[in-house]
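Open the model in your viewer and keep the selection tool at hand. The stops below tell you what to select and what to look for.

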Amino acid sequence: MASSICALSPYIPSHLTKITVPLSQRSKCEMSRRTFAVKGIVASGVSVAASTLTAEAQPSSKGFERLPFKAEGYNYWTWRGHKIHYVVQGEGSPIVLIHGFGASAFHWRYNIPELAKKHKVYAIDLLGFGWSDKALIDYDAMVWRDQVVDFVTEIVKEPAVLVGNSLGGFTALVAAIGLPELVNGVALLNSAGQFGDVKKESKTSEETALQKFVLKPLKEVFQRVVLGFLFWQAKQPARIVSVLKSVYINSSNVDDYLVESITRPAQDPNAGEVYYRLMTRFMMNQSKYTLNAVLSELSCPLLLLWGDLDPWVGPGKANRIKEFYPKTTLVNLQAGHCPHDEIPELVNKALLDWLTTLTPEVTLQTV
């Protein structure tokens with residue numbers, strides 16, 4: 001979902017808030033859109049021997065409180081016949097955390113305990129990922145939108161703020177426009193999604209017999225062979241660590257906990273087929289839903305917590321979103337693609353500070 005970012009006008013409206021949070025360490029990595037699509041999903045298809053992790057709460061090497069890892073997961077909700085995993089902690093106005101590609105609720109390990117001190121925090125596993133079922137369906141952005149909309153309606157049951165990283169960010173956006181009365185705000189951390197070219201008209205042509213009966217089947221066979229190899233490659237432990245370190249500028253949090261939270265779900269018998277469907281039917285058809293269209297329908301306040309050193313989704317996209325959508329607050333962070341796990345202390349503070357600005361609006365909506 002990483003997209004090439006066009007050159008932007010240097011003008012940024014002065015009424016939009018911009019905060020810069022420094023952190024000493026930079027990266028000059030560059031990565032193409034295709035590399036992002038492949039490596040992003042590589043992390044979701046892995047399967048290595050699970051390391052031993054206890055369910056007891058343990059501080060990280062940095063001393064932050066961390067969500068206990070539970071091999072059996074936390075809570076489950078049945079949605080459209082599928083088992084959906086989620087975590088819930090704390091009391092107060094609700095926040096729903098939505099992970100990115102290949103991740104799970106456990107990716108918010110350093111955010112849930114801190115945010116739960118002031119809010120009721122939910123973290124959900126999207127269908128096909130984490131501890132949720134690996135359903136054999138045609139995956140589409142609208143599937144995850146419907147899942148989050150129904151989760152807020154049936155489980156949260158009151159107005160909430162949606163927070164998403166990468167794929168979870170785009171999911172939060174489309175869910176917010178699908179349920180405006182129950183979404184008080186959206187926070188995006190290096191969100192997926194592309195701006196569309198409004199001047200470009202889609203061209204459709206009738207499929208010929210050669211394309212339908214010869215070329216299309218051959219293409220599918222070729223894709224299965226190639227993706228089968230990538231899935232096998234992704235099972236190698238060294239590959240997992242390598243991919244994670246490529247998007248964590250400070251890789252000190254690339255640890256056994258993180259690796260197991262990614263690898264354990266891939267032991268599911270359906271993981272390989274889900275990987276194939278995600279790659280061929282979702283990742284290769286991203287232009288169907290554009291940020292232009294989604295942001296045009298959004299009405300709530302928007303927060304961007306952006307890792308400027310992300311080799312997949314650079315700060316240009318954040319600037320363009322802010323320029324396009326007036327009700328935006330931008331916080332620039334010196335981090336990679338997953339700032340919430342790399343520099344959780346700064347992300348937690350920025351998010352909590354922004355949430356206090358929504359309090360009057362939340363009160364009005366919940367009276």
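Select Trp 77 and Trp 79: both are buried, a word that means under 20% relative accessible area, while exposed means over 50% and partly exposed lies in between (1.4 Å probe, protein chains only). This is a predicted model, in which local features need pLDDT of at least 70 and side-chain atom pairs count only at pLDDT 80 or more, whereas totals for chains, interfaces and linings use all residues. Residues are numbered from 1 along each chain as its sequence is written, and side-chain values use heavy atoms, with hydrogens and water left out.

Now show the aromatic rings. A search of the whole structure gives 15 aromatic pairs. In the pair of Trp 77 and Trp 79, the ring centres are 6.4 Å apart and the planes meet at 35°, so this pair is tilted. Rings of Phe, Tyr and Trp (its six-membered ring) pair if their centres lie within 6.5 Å; planes under 30 degrees apart are stacked, over 60 edge-to-face, and the rest tilted.

Next, select Phe 69, Tyr 74, Phe 106, Trp 131 and Tyr 257, which form one aromatic cluster. Tyr 257 also belongs to the buried residues of helix 7. Of the 8 residues in this helix (residues 256–263), 7 are buried, so helix 7 is largely enclosed by the rest of the structure. Helices are DSSP runs (H or I, at least four residues), numbered from the N terminus.

Go to Tyr 76 and Lys 83. The charged end of Lys 83 sits over the Tyr 76 ring, 4.8 Å from its centre; the test is NZ of Lys or CZ of Arg within 6 Å of the ring centre and within 35 degrees of the ring normal.

Where is Thr 290? Look in the loop between helix 8 (271–282) and helix 9 (291–297). Thr 290 counts as buried because its relative accessibility is 17%. Its side chain reaches the backbone nitrogen of Ala 293 at 3.2 Å. Leaving aside neighbours within four places in sequence, Thr 290 is in contact (heavy atoms within 4.5 Å) with Gln 194 and Gly 196.

Select Cys 300 and then Cys 338. Cys 300 is buried at 5% relative accessible area, and Cys 338 is buried at 7%. The structure holds 0 disulfides (pairs of cysteine sulfur atoms within 2.5 Å).

Finally, colour by pLDDT, the predictor's confidence in each residue from 0 to 100. The protein chain has a mean of 79, and 68% of its residues reach 70 or more. Over residues 1–57 pLDDT stays under 50. Over residues 210–215 pLDDT is also below 50. Where pLDDT is low, the predicted coordinates should not be read in detail.

Definitions and conventions
Helix = DSSP H or I, 4+ residues; strand = E, 2+ residues; numbered from the N terminus. Polar contact = N/O pair within 3.5 Å; in protein donor to acceptor, adjacent residues only side chain to side chain.
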